[in-house]
Amino acid sequence: MSGGEEFALRMKEQGNVFYREKKYDDALCCWGSALGALPDRTSPLAITIRSNSIMAYLASDLYERVVKESTLLLEDDPRHAKSLARRGTAREKLASNRGSSATFQQRKEFHNQAVEDMNTCIELLNSNSETDPGQERLKRECEQSLERLSKLDDDYYTRIAENLDNSSNRDNIDSGLGRYLSMNLTPLGEHPRIPKSSMRFEMLAVRLMAALETTQRISVVNAKTGEEAAETKLDYS
């Protein structure tokens, strides 16, 4: 094992510790440094680290980033069932998320893509002759997702779209900057001018994106006094 692989393995394990502690930005920093030390992003170790990173993006509700990174991983490993399932989950969330300004057509597209991802994942798992508890659990998760999606019809998506159209705060719900950062942040460990020691600063951008995507102005008008309640705030600590 080379020195770079040994370093990557240590960073992977440290990232796993941070993930279990729900310190997702720290976990992503470690995994980004690990990827930067590996010459081949398609090696088994690199695929595992990339898969872990997708899991952290999903736990952070960064659904568009999950779709992007899962698609890239599947290009390198088309039989990676976890990436199919996680991309399907992210698309399910993008379809049904009431806090998003996605249109009816966009939600329907996410819906159909999620169904396709989950069915493909189940077919892939069924084609595997080996029985594994983790694969059985993943298959059940896909089946549960399909059941949820089956209950989301055109009327459901139409109601969401109409409610957003009538909302005076629509511009605050989905940040254009958040969408830009989600799709254009340099993959961790790959930036030619950012040293590995500076990856934490890139993760600050990820945290900013998460705040922008999930923050919306909520005003509650008191029926008796007509006074507007205080705006909700995020905890940035």
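This is a predicted model: local features need pLDDT of at least 70, side-chain atom pairs count only at pLDDT 80 or more; totals for chains, interfaces and linings use all residues.
Residues are numbered from 1 along each chain as its sequence is written, and side-chain values use heavy atoms, with hydrogens and water left out.

The protein chain has 11 helices and 0 strands, where helices (H or I, at least four residues) and strands (E, at least two) are DSSP runs numbered from the N terminus. Of its 237 residues, 42% count as buried; buried means under 20% relative accessible area, exposed means over 50%, and partly exposed lies in between, with a 1.4 Å probe and protein chains only. Among contacts between residues at least 6 apart in sequence, 62% join residues at least 24 apart, a contact being heavy atoms within 4.5 Å.

To return to the opening pair, the axes of H2 and H3 come within 10 Å and cross at roughly 160 degrees, the axes being lines fitted to C-alpha atoms, for helices over the stretch in contact, and the angles running from 0 to 180 degrees between N-to-C directions. H2 and H3 are therefore roughly antiparallel to each other, since angles over 145 degrees count as roughly antiparallel, those under 35 as roughly parallel, 65 to 115 as roughly perpendicular and the rest as oblique. On the H2 side the contact is made by Tyr-24, Leu-28, Trp-31, Ala-34 and Leu-35, and on the H3 side by residues including Ile-49, Asn-52, Ser-53 and Ala-56. Sorted by class, this contact has 10 nonpolar, 2 polar and 1 charged residues, where Ala, Val, Leu, Ile, Met, Phe, Trp, Tyr, Cys and Pro count as nonpolar, Asp, Glu, Lys and Arg as charged, and the others, Gly among them, as polar.

The largest nonpolar core has 33 residues, and those with the most contacts inside it are Trp-31, Ile-49, Val-66 and Ala-90; such a core is a set of buried Ala, Val, Leu, Ile, Met, Phe, Trp, Tyr and Cys residues joined through side-chain atoms within 4.5 Å. At least two residues of this core come from each of H1 (3-20), H2 (24-36), H3 (44-59), H4 (63-76), H5, H6 and H8 (154-165). Leaving aside neighbours within four places in sequence, Trp-31 is in contact with Met-11, Lys-12, Gly-15, Asn-16, Tyr-19, Ile-49, Asn-52, Ser-53 and Ala-56. Apart from this core lies another, of 12 residues, among them Ala-81, Leu-84, Leu-138 and Leu-146.

A further helix pair joins H5 (residues 81-96) and H6 (residues 104-126), which pack at an angle of about 155 degrees with their axes 8 Å apart. That angle makes H5 roughly antiparallel to H6, and the crossing of H5 and H6 is left-handed. By class, the contact of H5 with H6 has 11 nonpolar, 6 polar and 5 charged residues.

Ser-96, placed in helix H5, is buried, with a relative accessible area of 19%. Phe-104 lies in helix H6 and, at 22% relative accessibility, counts as partly exposed. Although Phe-104 and Ile-160 are 56 residues apart along the chain, their C-alpha atoms are separated by 8.0 Å. With neighbours within four places again left aside, the contacts of Phe-104 are Asp-154, Tyr-157, Thr-158 and Ala-161.

Helix H3 also holds Met-55, which is partly exposed, with a relative accessible area of 24%. Beyond residues up to four places away in sequence, Met-55 touches Tyr-19 and Arg-86.

Two loop residues complete the picture. Lys-22, in the loop between H1 and H2, has a phi near 65 degrees, a positive value in a residue other than glycine, and at 63% relative accessibility Lys-22 counts as exposed. Asp-61, in the loop between H3 and H4, has a positive phi of about 65 degrees although it is not a glycine, and Asp-61 is partly exposed, with a relative accessible area of 36%.

Methods. A crossing is left-handed if the near helix is turned anticlockwise from the far one by less than a right angle, and right-handed if clockwise.
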